[in-house]
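The sequence and model come first.

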Amino acid sequence: MSGIYQPAGNLLGKVRRLAARAGVRRPIDVAINEPIVSFTFDDFPRSAALIGAPMLERRGWRGTFYTAMGFLGTTTHLGDMMQRADIEALHARGHEIACHTYAHLDASHCEPDVFADDCERNCAELMEMGILRPRTSFAFPYGEASPAIKRALQPRYGALRGVRHGINRKGDDLNLLKAVALDGGKAGLDKALRAIHEVKSEPGWLIFYGHDVRENPSEWGCTPEFLATICAEVDAQDLPVLTVGETLSMLSDEPARIPA
């Protein structure tokens, strides 16, 4: 599993990513007049459920957990991965369980029908557990997409999330939503804090994405202190926190408003 989050850095990889951004777009068609923050965790490691989720809950918030069922009960470089009981407990406490493929497939190296079938397998397993709406949203493993796979998934999900840094506003692509990483140590923390202040001054939808939350995190994870700092600043700025699914439901109405 080592290195699975390292996207292609060559020219072909850059061309693929540019093509994915430009093709098969589904623009956000309403103005987001007030800031929205979502916390998401990919794959997901047990530490996200056991440490990350309670940190959100203490402030009355819930997160979105992009679940790849192929990782169930395994151990990777992200640490121990989720167990069935973790998924059930998060769902029971109001967190959103969403799709991340079954086998953590790379969309830039996969045929659309194979990729879509793998997503369906993942959703089917989640639905067998009583997760009734795993198709609300989807996150691309590695952040990699392609126009053909965006086209295949668009009818199946309310939104598709990538890992391109940024805040989502009117005109941005629901088929490849931008996000801000919860990783990178001190430099990553500073970047995430800047995004909080940016969304406060220029409203939009800020989606944070992370992986493991532990004292010695992976390259793609963060410490509990890092996440606590982000949560404290979101709270200090009085920013509403919604799951991805809640935000999508709100954006389907005109105008986009935060409920009182």
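## Basis

Contact here means heavy atoms within 4.5 Å. The model is predicted.

## Overall make-up

The chain has 260 residues, 55% of them buried. Its secondary structure consists of eight helices and nine strands. Among contacts with a separation of 6 or more, 73% join residues 24 or more positions apart. The accessible surface is about 10,900 Å², and carbon and sulfur atoms account for 51% of that area.

## Nonpolar cores

The largest nonpolar core holds 44 residues, and those touching the most other members are Phe39, Ile87, Leu206, Phe208, Leu227, Ile230 and Val234. Two or more residues of this core come from each of strand 1, helix 2 (46-57), helix 3 (84-92), helix 6, strand 9 and helix 7. A second, separate core has 20 residues, including Ile32, Ile36, Ala159 and Leu242.

Leaving aside residues up to four places away in sequence, Leu206 touches Ile36, Val37, Ser38, Ile167, Val180, Ala195, Ile196 and Val199.

## Helix 6

Helix 6 covers residues 185-201; at 1.5 Å a residue its 17 residues should span 24 Å, which agrees with the 25 Å between its end C-alpha atoms. Gly188, Leu189, Ala192, Ala195, Ile196 and Val199 are the buried residues of helix 6. Viewed down the helix axis, these buried residues fall within an arc of 115°, so they line one face.

That buried side packs against strand 1 (36-43), strand 8 (177-181), strand 9 (205-210) and helix 7 (224-236). The face turned away from it carries exposed Lys186, Ala187, Arg194 and Ser201.

Conventions: Residues are numbered from 1 along each chain as its sequence is written. This is a predicted model: local features need pLDDT of at least 70, side-chain atom pairs count only at pLDDT 80 or more; totals for chains, interfaces and linings use all residues. Side-chain values use heavy atoms; hydrogens and water are left out. Helices (H or I, at least four residues) and strands (E, at least two) are DSSP runs, numbered from the N terminus. The expected span of a helix is 1.5 Å times one less than its number of residues. Buried means under 20% relative accessible area, exposed over 50%, partly exposed in between (1.4 Å probe, protein chains only). The arc is that of the directions from the helix axis to the C-beta atoms. Accessible areas come from the Shrake-Rupley method with a 1.4 Å probe; for residues, only the protein chains shown count as cover. A nonpolar core is a set of buried Ala, Val, Leu, Ile, Met, Phe, Trp, Tyr and Cys residues joined through side-chain atoms within 4.5 Å.
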